[in-house]
Amino acid sequence: MKWINHMLVTGSIVYAVTADPLLAVYSIAGSVIPDKLEGKPPKTKKAYWRWRQKHRTWTHWPVPYLSLIVLILLLRRFGLIEPSLWPLVLIPLFILTGALLHIVEDALCGKVPLISHNKKIGLKIFTVDSFGEYFFSISLIIILLLYRGCSYILNN
């Protein structure tokens, strides 16, 4: 997926689930981390294809992100995070959530590692930067915002 779609889809998912715009912003910040960790693609053709072979490997492996999320939640569960600090801890928690959603979103348009960082799986529902990607992203965002709006109306 293109970064703009990662940011919009991730922010919409988190907002639809939490109804908290600040948590959505944290997740948007995290939604580009897996690609940022890989660096910019090189300009020369040979260097680009070398870089491309390593694209979506260890930076797109969900295990490290999930491990950190579980660690944070366990620390909270066992009272090792001061309750007054929890609002600050939500920042890295939702940045990691954004990175994890990035990986799930990439699995819809290509392959990403799941169990092993060397073995990739994916659905390939659409191609990156295609009409299908933008249609999927816009449709999902509309559905999520309608869901959030209906939830708000029904609960108030």
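Y48, W49 and W51 form a cluster, linked by ring pairs. This is a predicted model, so please hear every value as computed from it. The count of aromatic pairs comes to four. One of them is Y48 with W51, and its ring centres are 5.8 Å apart. The angle between those two planes is 35 degrees, so the pair is classed as tilted; the stacked class would need under 30 degrees. Y48 has a relative accessible area of 25% and is partly exposed, whereas W51 is buried at 17%. The cut-off for buried is under 20%.

A further aromatic pair is F131 with F135, and this one is stacked. The centres are 5.9 Å apart, with 20 degrees between the planes. F131 and F135 are four residues apart in helix 7, again about one helical turn. Are these two buried or exposed? F131 has 68% relative accessibility and counts as exposed. F135 is exposed as well, with a relative accessible area of 52%.

There is also a charge over a ring to mention. R76 lies over the face of W86, and the distance to the ring centre is 4.2 Å.

Next, charge pairs. Side chains of opposite charge can pair when their charged atoms come close. How many salt bridges does the structure hold? The answer is one. The partners are R56 and D106, and their closest N and O atoms are 3.3 Å apart. This pair links distant parts of the chain, since R56 and D106 are 50 residues apart. R56 sits in the loop between helix 4 and helix 5, while D106 belongs to helix 6, residues 86–106. Both ends are buried: R56 has 8% relative accessibility, and D106 has a relative accessible area of 1%.

Now back to helix 7, this time as a whole. Helix 7 has 25 residues, and the distance from its first C-alpha to its last is 36 Å. That is close to the 36 Å expected at 1.5 Å a residue. Buried residues in helix 7 are E133, S137, I141, L144, R148 and S151. What do the buried residues of helix 7 pack against? They pack against helix 1, residues 3–18.

Take S137 from that list. S137 lies in helix 7, residues 131–155, and counts as buried because its relative accessibility is 0%. The side chain of S137 reaches the backbone oxygen of E133 at 2.9 Å. Setting aside residues up to four places away in sequence, S137 touches M1, N5 and V9.

Last, L37, which is found in helix 3, residues 33–38. At 47% relative accessibility, L37 counts as partly exposed. L37 and H60 are 23 residues apart in sequence, and their C-alpha atoms are 9.4 Å apart in space.

To recap two items: the salt bridge joins R56 and D106, both buried, and the buried residues of helix 7 pack against helix 1. That is all from me.

Note on methods
Residues are numbered from 1 along each chain as its sequence is written. This is a predicted model: local features need pLDDT of at least 70, side-chain atom pairs count only at pLDDT 80 or more; totals for chains, interfaces and linings use all residues. Side-chain values use heavy atoms; hydrogens and water are left out. Helices (H or I, at least four residues) and strands (E, at least two) are DSSP runs, numbered from the N terminus. Buried means under 20% relative accessible area, exposed over 50%, partly exposed in between (1.4 Å probe, protein chains only). A polar contact is a pair of N or O atoms within 3.5 Å; within protein, one must be able to donate a hydrogen and the other to accept it, and residues adjacent in sequence count only if both atoms are side-chain atoms. Contact means heavy atoms within 4.5 Å. Rings of Phe, Tyr and Trp (its six-membered ring) pair if their centres lie within 6.5 Å; planes under 30 degrees apart count as stacked, over 60 as edge-to-face and the rest as tilted. A charge sits over a ring if NZ of Lys or CZ of Arg is within 6 Å of the ring centre and within 35 degrees of the ring normal. A salt bridge is a side-chain nitrogen of Lys or Arg within 4 Å of a carboxyl oxygen of Asp or Glu. The expected span of a helix is 1.5 Å times one less than its number of residues.
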